[in-house]
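Here's a quick tour for someone new to reading protein models. Grab the viewer and follow along.

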Amino acid sequence: MSLIAPPFNTSSPATLAERAYAQIKQLIFDFVLLPGDRFSESDMAGRVQVSRTPLRQALQRLQSEGFLQVFPKSGWQVEPLNFEVFDQLYDFRVLMETHAVVKLCEAEDRPILKTLADTWLVKADERHPVTSMVDMLDEAFHSSLVHATGNAEMARVHDDITERIRIIRRLDFTKPARVEATYQEHARIIRAITQRRSDEAQRLMRAHIEQSKLEVRHITLDMLYQARRS
């Protein structure tokens with residue numbers, strides 16, 4: 001799902017709500033609003049420059065998607081880190097993404113593999129020059145595999161999960177060792193799919209996601225504050 005708000009008509013509350021929704025979500029993804037941070041509707045209305053009605057619509061949507069909590073008479077709070085929920089989301093990813101690699105091992109037409117290979121099957125000095133963008137490249141890798149199955153409902157659910165874990169994924173890729181491991185693991189997965197080794201591709205994908213799941217457990221609030229300062 002794109003986080004860039006489309007051109008809007010300032011007279012349309014629905015479109016203003018969409019814009020406020022995208023802006024607040026981006027504040028969370030950019031570590032401006034951290035898990036556990038609280039704010040009032042009046043403060044947020046001034047920050048995103050919308051009136052209370054579209055703002056409340058945006059906040060309620062973010063609440064329904066698991067990004068915010070509301071406390072009557074005391075305002076809103078960014079959803080605190082909940083590692084049990086993250087574990088469940090990563091387990092769901094394992095199911096969807098191992099299914100995706102099976103489908104790709106069986107498919108006849110697989111243009112996505114060439115696209116992914118151009119990014120991940122490269123020498124170290126040919127990798128993307130901006131290491132801070134590896135989190136986005138990683139999202140694209142996993143999302144592309146699921147979308148390539150042609151299962152629109154599975155892709156939609158996977159996109160939702162991708163957004164739910166985006167903040168912790170970004171923190172994971174602040175570590176050079178994790179960036180290096182991701183390039184190597186993605187390369188092995190691509191090779192296994194290309195060679196139609198379904199069992200191996202599933203094993204590699206499962207291990208790759210399980211390792212990411214373990215890394216999430218090492219995330220602390222101090223890491224979030226450091227990310228905000230940087």
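Two strands count as paired if DSSP finds at least two bridges between them. Helices (H or I, at least four residues) and strands (E, at least two) are DSSP runs, numbered from the N terminus. This is a predicted model, where local features need pLDDT of at least 70 and side-chain atom pairs count only at pLDDT 80 or more, while totals for chains, interfaces and linings use all residues. Residues are numbered from 1 along each chain as its sequence is written, and side-chain values use heavy atoms, with hydrogens and water left out.

**The sheet**
- Three strands make an open sheet in the order E1-E3-E2, with antiparallel pairing.
- Strand E1 (38–39) and strand E2 (68–71) sit at the edges, so to speak: each pairs on one side only.
- E2 and strand E3 (residues 75–78) run antiparallel and are joined by four bridges.
- Look for Val70, which stands opposite Trp76 in E3.

**A buried histidine**
- His158 belongs to helix H7 (residues 152–164).
- His158 is buried, with a relative accessible area of 1% (buried means under 20%, exposed over 50%, partly exposed in between, using a 1.4 Å probe and protein chains only).
- Leaving out residues up to four places away in sequence, His158 touches Arg93, Met96, Glu97, His142, Ser143 and Val146 (contact means heavy atoms within 4.5 Å).
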